[in-house]
Amino acid sequence: MSETKLEDLRKEYLERPFGEDSLKESPFDQFRLWFNEAGEAQLPEPNAMSLATCDAEGKLSCRTVLLKAFDERGFVFFTNYGSRKAKALASHPQASLLFPWISLERQVEISGKAEKISTAESLAYFTSRPHGSQLGAWVSDQSQVISSRKVLLDKFEELKTKFKEGKVPLPESWGGIRIIPEEIEFWQGAPKRLHDRFRYYRMNEGSDQWQIKRLSP
């Protein structure tokens, strides 16, 4: 097997015009445009995003989660509230999201505050999930140490029997977290590493007014 040399891994990006004249006034409209284009390009899981957090001790961690809703209020994912990421956000409610749409030579970075969504919003999404996924939310004490996979499978079978006759209720320990953006950056690859970067800055906390600045690549 030949050795892959990191210094040889190079790709010249295509010329994809992305300038001030093509930007939407709202970063949410710009995100919606790019997100739809990622879907039309049939990217695998275009809603997959990296979530970076910092816990109470200052330890950083990053993992991939799935975007399940977004609007002008922010970007929502779902998790067990006892998970490592949820505990980190409870102690340090700031986070960064990254959408790596590599085949389109694009990425979107979002940073802002984290908050739990309402129980009603979590319930609405939970009831839309497949039955097995609903049970999975009950099975997993996310991020906790377990002795084997059998622990999960046994608990899943137990819950299948328990909830066989009715609807699966929303677990108290499970729900959505919304990242309320303070800054959103759109990055488009360009030839000769002269990439186009535009960052939206919220004018004031709680404001729906944004300032746009071009950044050097």
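Guide: Accessible areas here come from the Shrake-Rupley method with a 1.4 Å probe, and for residues only the protein chains shown count as cover. By that method the protein chain exposes about 13300 Å², of which carbon and sulfur atoms supply 52%. This is a predicted model, in which local features need pLDDT of at least 70 and side-chain atom pairs count only at pLDDT 80 or more, while totals for chains, interfaces and linings use all residues. Residues are numbered from 1 along each chain as its sequence is written, and side-chain values use heavy atoms, with hydrogens and water left out.

Visitor: How many helices and strands does the protein chain have?

Guide: Helices (H or I, at least four residues) and strands (E, at least two) are DSSP runs, numbered from the N terminus. The protein chain has 5 helices and 9 strands, and from the N terminus on its elements run α-β-β-β-β-α-β-β-α-α-α-β-β-β. Along its principal axes, the C-alpha trace spans about 60 × 55 × 40 Å.

Visitor: What percentage of the 217 residues in the protein chain do buried residues make up?

Guide: Buried means under 20% relative accessible area, exposed over 50%, and partly exposed in between (1.4 Å probe, protein chains only). Buried residues make up 39% of the 217 residues. In helix H4 (residues 131–139), the buried residues are Gln134, Leu135, Ala137 and Val139. Their cover includes helix H3 (119–126), helix H5 (149–162) and strand S7 (174–188).

Visitor: Which residues does Gly74 touch, not counting residues up to four places away in sequence?

Guide: Contact means heavy atoms within 4.5 Å. With those sequence neighbours not counted, Gly74 touches Ala69, Arg178, Ile179 and Pro181. Gly74 is found in strand S4 (residues 74–80). Gly74 counts as buried because its relative accessible area is 0%. The C-alpha atoms of Gly74 and Ile110 are separated by 9.8 Å, although the two residues are 36 residues apart along the chain. For the protein chain as a whole, residues 24 or more positions apart account for 62% of the contacts with a separation of 6 or more.

Visitor: Is Arg16 buried or partly exposed?

Guide: Arg16 has 27% relative accessibility and therefore counts as partly exposed. Arg16 lies in the segment before H1. Leaving aside neighbours within four places in sequence, Arg16 is in contact with Ser103, Leu104, Glu105 and Gln188. Arg16 and Gln188 are 172 residues apart in sequence and 7.6 Å apart in space, C-alpha to C-alpha.

Visitor: How many aromatic pairs does the structure hold?

Guide: Rings of Phe, Tyr and Trp (its six-membered ring) pair if their centres lie within 6.5 Å; planes under 30 degrees apart count as stacked, over 60 as edge-to-face and the rest as tilted. The structure holds 20 aromatic pairs. One of them joins Phe35 and Trp101, whose ring centres are 6.4 Å apart and whose planes stand at 55 degrees, so the pair is tilted. That pair links distant parts of the chain, with Phe35 in helix H1 (residues 27–40) and Trp101 in strand S5 (residues 94–101), 66 residues apart. Both Phe35 and Trp101 are buried.

Visitor: Where does Arg106 lie relative to Trp34?

Guide: A charge sits over a ring if NZ of Lys or CZ of Arg is within 6 Å of the ring centre and within 35 degrees of the ring normal. Arg106 lies over the face of Trp34, at 4.2 Å from the ring centre. The charged end of Lys116 sits over the ring of Tyr81, 4.1 Å from its centre.

Visitor: What is phi of Ser143, and what is phi of Arg193?

Guide: Most residues other than glycine have a negative phi. Phi of Ser143 is near 80 degrees, a positive value, and Ser143 has its place in the loop between H4 and H5. Phi of Arg193 is near 65 degrees, also positive in a residue other than glycine. Arg193 is found in the loop between S7 and strand S8 (196–202), and a relative accessible area of 38% makes Arg193 partly exposed.

Visitor: In which loop is the place of Gly206?

Guide: Gly206 has its place in the loop between S8 and strand S9 (210–215). Gly206 is exposed because its relative accessible area is 73%. The C-alpha atoms of Gly206 and Pro181, 25 residues apart along the chain, are separated by 9.9 Å.
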